[in-house]
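Subject: Handover of the model and notes on it

Dear colleague,

I am passing the structure on to you with this message, and my notes follow directly after it. Please read them with the model open beside you.

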Amino acid sequence: MNRFITLLIAALMVVASARPQQAYVPSADNLAAREQFRDAKFGIFIHWGLYAMLASGEWTMTNRNINYAEYQKLANAFYPHAFDAKQWVDAFKDAGAQYMCFTSRHHEGFSMFKTEESDYNIVDATPYGKDVVKMLADECHRQNFGLNLYYSLVDWWRDDYPRGRTGLETGRPGKDIDYDHYYEFMRRQLTELLTHYGPIGAIWFDGMWDQDENPDFDWRMRGLYDHIHSLQPACLVGNNHHLAAIEGEDMQIFERDLPGENTAGMSGQDISTLPLETCNTMNGMWGYKITDLDYKSADDLVRYLVGAAGRDGNLLLNIGPQPDGRLPQVAVDRLHEMGQWLRKYGESIYGTRGGDIPPHNWGVSTRKGDVLYLHITNCPDSCLFVPVMQKVVASKCLNTGNKVAIHKVKDRGIVVDLTGIPAETDRIIALTLK
């Protein structure tokens, strides 16, 4: 594309962006996809790129101020010979996950798919020469497993990306900064992702926070959102911007915190009525870090999954694959343990919505039809009061299969007798309500 055509497209985009945009009206297929997404409850996040070779996390390029031209040389040695899309999807399904979200392009600027927009991609720039996104898409579709794609708004490698608060010391000249040009690059890459790889469940944006110190910067996100919906109306759009939901989005993302919590300082936004998803790491990092073996226990991960479901959200649990393409064995072991738990108690998670009782110190509740599930993760007492006003016609502990005694407290609720129920990660009481 010559410079004149680029300038013409940019001018037309400016004119279009100046027009008042109509309110976003999701299609019927999109609304159905939202409900399917809410039913899924559990997905696997994958952070994988050139940074895996340095084994110190996905932000290594900017954290160590690595020159972009030197960093680029990693591509010439990237050869993940042990990558096996089927093994990945098999492990995720064994865990009970219903979908995955894969980093098609992270902040380092390297595309993990074949793109005509840059030679800096896994097919053209590496000796491996294979399209990882294509292999994953084919396997996900073969196994009827959902595929969402992460896409970075930030780029520490390209010179046309406007300088934000990260990637400032990577040596880029800065003489070709041109957001119109960069925006069109992103738009064309999104077109490739949504036309070459079959149905995509969601596009998961990340990086708007990079321009926090430039409040007048206009990302023109609505234009990208509308473009995605024009290509695949059912494809959900989410953005990890740490803000309240923006017009045109189909889901709301929370990072390292459950909806309504903000211990990590990135999730203080208001909770919308859109489908919710919280993403968190299995150890401490998103990308592979060879020294980070501080993995959360399976019990902790199950409690986090339960906590998300009780807040009407999904858990997107991250794994950083090794540079050879294998999933770390500790991560695979944790996934298997979660799968064992879900095979026993998945009825109280899949297809549920946040329950009638808000989260408490003792745990959360989920609801499916006329069944209310009490997930008791922290109650040392032998009984539990819950403000359930409907008549309970049946009560059962899923852990033991036994009936549970219920005592009504007039005009206040019920007391659930926990006597004889062994302490477990999550004691689940199913209450069938009239």
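Five strands form an open sheet in the order E9-E10-E11-E16-E13, and their pairing is antiparallel; strands here are DSSP runs of E with at least two residues, helices are runs of H or I with at least four, both are numbered from the N terminus, and two strands pair if DSSP finds at least two bridges between them. At the edges stand strand E9 (353-354) and strand E13 (392-397), each with a single partner strand, so one side of each has no neighbour in the sheet. This is a predicted model, in which local features need pLDDT of at least 70 and side-chain atom pairs count only at pLDDT 80 or more, whereas totals for chains, interfaces and linings use all residues. Residues are numbered from 1 along each chain as its sequence is written, and side-chain values use heavy atoms, with hydrogens and water left out.

Within this sheet, strand E10 (residues 363-368) pairs with strand E11 (residues 371-376) in the antiparallel sense over six bridges, and Ser365 stands opposite Leu374 in E11. E10 and E11 form a hairpin with two residues between them, and Gly369 in the turn has a positive phi of about 65°. On the E9 side, E9 and E10 are joined by two bridges, again in the antiparallel sense, with Arg367 in E10 as the bridge partner of Arg353. E10 is mostly covered, since five of its six residues are buried, where buried means under 20% relative accessible area, exposed over 50% and partly exposed in between (1.4 Å probe, protein chains only). Helix H9 (residues 298-310) lies across E9, E10 and E11 and runs at about 55° to E10; axes are lines fitted to C-alpha atoms, for helices over the stretch in contact, and angles run from 0 to 180 degrees between N-to-C directions, while contact means heavy atoms within 4.5 Å.

Another open sheet has three strands in the order E12-E15-E14, with antiparallel pairing. Its edge strands are strand E12 (383-386) and strand E14 (406-409), each of which pairs on one side only, and the twist averages 20° from one strand to the next. Four bridges join E14 to strand E15 (residues 413-417) in the antiparallel sense, and Ile414 in E15 is the bridge partner of Lys408.

A parallel pairing is found between strand E6 (residues 252-255) and strand E7 (residues 276-281), which are joined by four bridges; Glu255 stands opposite Cys279 in E7. From E6, Gln252 and Phe254 point one way and Ile253 and Glu255 the other way, and all are buried.

Turning to helix packing, the axes of helix H5 (residues 85-94) and helix H10 (residues 329-345) come within 7 Å and cross at roughly 40°. H5 and H10 are therefore oblique to each other, given that angles under 35 degrees count as roughly parallel, over 145 as roughly antiparallel, 65 to 115 as roughly perpendicular and the rest as oblique. The contact is made by Ala91, Phe92 and Asp94 of H5 together with Leu335, His336, Gly339 and Arg343 of H10.

As for the cysteines, the structure holds zero disulfides, a disulfide being a pair of cysteine sulfur atoms within 2.5 Å. The sulfur of Cys379 is 7.4 Å from the closest cysteine sulfur, which belongs to Cys383, and this is too far for a bond. Cys379 counts as buried at 11% relative accessibility, whereas Cys383 is partly exposed, with a relative accessible area of 38%.

Finally, there are two backbone points to look at. Asn65, in the loop between helix H3 (60-63) and helix H4 (68-72), has a positive phi of about 50° although it is not a glycine, and at 43% relative accessibility Asn65 counts as partly exposed. Arg220, in the loop between strand E4 (202-206) and helix H8 (221-231), also has a positive phi, near 60°, in a residue other than glycine, but Arg220 counts as buried at 17% relative accessibility.

With best regards
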